[in-house]
Amino acid sequence: MSLKKLLPVIILLITVSLIGIIYMQYNRIQNLLLVKQEQLYEKVVKSIVTVGKDLSETNTRTPSLRQRRKSSLNLSNELVPVELMQPALISERFTQFEVREKLEAAFKANQIPANHFEFAIINNINLMNYEMKSPGFNHVVEDTINNYIWNLPIEPPVGTWAEGLAPYENIVVVIPDYKKLAVKESYFDFIGAIIFTLFIMFAFYLTLSTMLNQKKLSEIKSDFINNMTHEFKTPLATISLAVDALSNEKVLKDESKLQYFRGIIKDENKRMNKHVETILQAATLERQELTLNKQKCSGHQIIQHVLDNYTLVLAEKQGKASLLLNARNDEIFVDEQHFTNLVNNLMDNSIKYSKDAPEITITTHSTGKYFCLKIDDKGIGMSKESVKRIFEKFYRAHTGNIHNVKGFGLGMSYVKSIVDAHKGRIKVESTLGKGSSFLVEIPLAKA
């Protein structure tokens with residue numbers, strides 16, 4: 001089965017595979033994020049438990065003087081011993097700065113990049129009674145969607161004298177944008193997954209692009225072989241007929257007929273040589289082995305010479321060419337042969353792609369740096385797609401109802417290569433059904 005028939009199936013398989021890989025990578029990233037969130041959660045809990053343990057251990061060392069002051073009040077005798085022995089509150093033993101330092105140290109020890117967090121110490125007797133809280137606590141504790149809240153009790157160690165006597169207190173820690181923190185921890189993993197996915201996508205793109213290019217090259221090769229076969233077969237058939245005619249005794253006796261058939265053979269031989277030269281030129285340009293023999297030339301003389309060569313062709317087609325040589329400076333430093341071929345190709349195109357009698361206008365003008373040649377015709381014109389691809393090698397625009405236009409699709413590619421080799425510029429404007437305009441700008445020869 002040919003590549004052309006298999007290509008849609010291959011493209012479908014590649015597309016499905018690519019979507020599958022992207023989906024798998026997406027799931028992998030989602031699972032990785034969940035794992036990182038769980039790991040971060042465990043680290044935060046471990047850090048808070050460590051701080052809570054530290055706060056509770058210091059709570060077992062000295063009784064509360066605050067409660068001793070309370071004992072001076074008119075309290076019942078049964079409550080006095082308990083009040084005197086009750087440990088002090090965390091807010092009485094630590095400042096807000098000291099608690100924050102403990103939390104920061106614990107986070108750092110557990111490798112948590114929590115540079116910003118808020119906390120509070122709550123008395124369990126009255127949950128709305130904050131013994132201590134950081135300045136931004138009220139603002140972040142309300143947002144339970146983006147922020148995560150940990151609420152852990154602070155209890156004295158088992159077996160100490162404060163067990164059962166310490167006040168019921170909780171430490172509340174809020175980390176804003178908890179999910180973003182988890183993403184930040186997975187930063188390098190995400191980058192690796194994204195790079196891998198992009199690499200796979202690039203590999204698929206490269207494969208698909210290569211296949212499409214191969215298909216395009218295959219079509220170009222087929223078209224080129226068909227065109228070349230036709231272009232060579234026609235003159236060979238004509239030469240064969242002329243040779244057979246020369247073998248006829250009647251023709252041999254008639255000098256005028258001999259000259260006629262000899263002329264046919266010579267013309268067809270020139271035609272074949274021209275085709276061979278075109279193909280060789282294309283091969284030379286492909287290998288970038290073009291050697292220019294530059295010299296100072298008159299642009300007007302070259303254009304006039306080319307136009308003289310097309311006088312008979314235009315007369316045969318009942319066409320006309322208007323020549324407006326307006327350039328004040330026409331001295332250019334070019335390879336005369338290649339520049340002549342360039343003008344020839346543009347003229348030949350304007351004549352070939354005309355519906356009826358060709359109407360061509362050749363205009364020149366000069367700027368401070370360039371000699372400008374403009375060739376306008378009123379031919380069949382080109383579509384926007386053809387204008388974009390006109391300089392591609394082997395590309396031939398569709399000619400509508402005109403079926404007598406032959407060639408290899410190398411002429412305009414050659415023109416573009418010669419213009420580039422001379423550090424010039426070429427522009428194309430065309431409207432389908434109204435004609436085309438080619439503007440060539442070649443640097444002027446330096447004084």
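Let me begin with Y260, which at 52% relative accessibility counts as exposed, where exposed means over 50% relative accessible area, buried under 20%, and partly exposed in between, with a 1.4 Å probe and protein chains only. Please keep in mind that this is a predicted model, in which local features need pLDDT of at least 70 and side-chain atom pairs count only at pLDDT 80 or more, while totals for chains, interfaces and linings use all residues. Residues are numbered from 1 along each chain as its sequence is written, and side-chain values use heavy atoms, with hydrogens and water left out.

Now to the aromatic rings: those of Phe, Tyr and Trp (for Trp, the six-membered ring) pair if their centres lie within 6.5 Å, and planes under 30 degrees apart count as stacked, over 60 as edge-to-face and the rest as tilted. By this rule there are 5 aromatic pairs. One of them is tilted, because the rings of Y148 and W150 have centres 4.7 Å apart and planes at 50°. Within that pair, Y148 is partly exposed at 35% relative accessibility, whereas W150 is buried at 2%. For Y260 and F261, the centres are 5.2 Å apart and the planes at 70°, so this pair is edge-to-face; F261 is buried, with a relative accessible area of 18%. Y148 and W150 also belong, together with Y41, to one aromatic cluster.

The charged end of R100 is over the ring of F117, 4.7 Å from its centre, and R425 lies over the face of Y370, at 4.4 Å from the ring centre.

Definitions and conventions. A charge sits over a ring if NZ of Lys or CZ of Arg is within 6 Å of the ring centre and within 35 degrees of the ring normal.
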